[in-house]
Amino acid sequence: MQERGCGQVDNLTFTLTCSTASGDQRAERRYATYTGGTRQFEGYFRIAAMGGTRISLKQTFNESASGPYFMLAAERGGRLYAVHGGTTLSTAGTVGATVRVNTVHQVGTSHRTYINGSLKHTYSSPGGSFYDKFGAYRTDSGSGPATVVWSNVKFWSK
C-alpha cells in the first residue's frame with residue numbers, strides 16, 4: 001500500500017483529499033513483480049466523488065524501464081483514457097457508475113485492456129519485469145480531490 005501527499009487508503013477505498021496540481025498525490029496498492037507469461041487483472045471501480053480531473057486508476061508498471069507502461073485514467077465527466085497517447089477507451093467512468101476493468105498482459109507480446117467486457121486498447125509489450133497497481137493517483141496534468149472505490153479485484157497467471 002502506498003499513501004503519498006494527500007492520498008489515503010481505507011481497505012479498497014482510495015481518496016485524494018486535496019486539489020493540489022503538483023507533487024506526488026497518490027493512494028494505491030501495488031502487487032508482486034512478474035517477468036514472464038500472461039497476467040490478467042480484473043477489478044471493478046466506482047468513482048464516488050471527482051472534484052478534480054485526470055486521476056489515474058490502474059497502472060501496469062515497467063520496472064525494467066522505471067516507469068508506467070500503461071495507465072488508465074479518468075477525467076471529470078467520465079472519459080476513461082490511456083494516459084500515454086491519450087486514446088479514449090470509454091465514457092463509462094461517470095461518478096457513481098461501476099466499471100469493470102480487465103488487463104491481459106503477455107510479457108514480450110501484448111497488453112490488452114477491456115472495459116465492461118469489450119476490448120478497448122492494445123499495446124505491444126517489451127520483455128522485462130512489471131507489476132500492477134490500482135487506486136487513485138494524480139497524473140502529471142491532473143488534480144484531486146477524488147474518491148475511488150475498488151471491489152472484486154482478482155489476478156490470474158499462466
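This is a predicted model: local features need pLDDT of at least 70, side-chain atom pairs count only at pLDDT 80 or more; totals for chains, interfaces and linings use all residues.

Colleague: Let's start with the cysteines. How many disulfides does the structure hold?

Modeller: A disulfide is a covalent bond between the sulfur atoms of two cysteines. Here Cys 6 is joined to Cys 18, with an S to S distance of 2.2 Å. For the whole structure, the count of disulfides is one.

Colleague: And how far apart in sequence are the parts that Cys 6 and Cys 18 tie together?

Modeller: Cys 6 sits in the loop between strand E1 (2–4) and strand E2 (7–10). Cys 18 sits in the loop between strand E3 (13–16) and strand E4 (26–30), so the parts tied together are separated in sequence by twelve residues.

Colleague: Is that disulfide left-handed or right-handed?

Modeller: You read that from the torsion about the S-S bond of Cys 6 and Cys 18. The torsion comes out at about -65°, so the disulfide is left-handed.

Colleague: On to the largest pocket. Which strand supplies the largest share of its lining?

Modeller: The largest pocket holds about 210 Å³ of space. Of its 15 lining residues, those closest to the centre are Arg 26, Met 71, Arg 138, Thr 139 and Asp 140. Strand E6 (53–62), strand E7 (67–74) and strand E13 (130–143) each give at least two residues to the lining. The largest share, five residues, comes from E13.

Colleague: What about Ile 47: buried or exposed?

Modeller: Ile 47 belongs to strand E5 (residues 38–50). Beyond four places in sequence, Ile 47 touches several residues, including Ala 74, Val 95 and Val 148. Its relative accessibility is 1%, so Ile 47 counts as buried.

Colleague: Last one. Where is Ser 129?

Modeller: Ser 129 has a relative accessible area of 14%, so Ser 129 is buried. Leaving out neighbours within four places in sequence, its contacts include Tyr 34, Phe 61 and Glu 63. Its place is in the loop between strand E12 (118–124) and E13.

Conventions. Residues are numbered from 1 along each chain as its sequence is written. Side-chain values use heavy atoms; hydrogens and water are left out. On a 1 Å grid over the protein atoms alone, a cavity is a set of points where a 1.4 Å probe fits but cannot get out, and a pocket is an open set with protein on both sides within 12 Å along at least five of seven lines; lining residues have an atom within 4 Å of a point. Grid points are joined across faces, edges and corners, and a volume is the space filled by probe spheres set on the points. Helices (H or I, at least four residues) and strands (E, at least two) are DSSP runs, numbered from the N terminus. A disulfide is a pair of cysteine sulfur atoms within 2.5 Å. Buried means under 20% relative accessible area, exposed over 50%, partly exposed in between (1.4 Å probe, protein chains only). Contact means heavy atoms within 4.5 Å.
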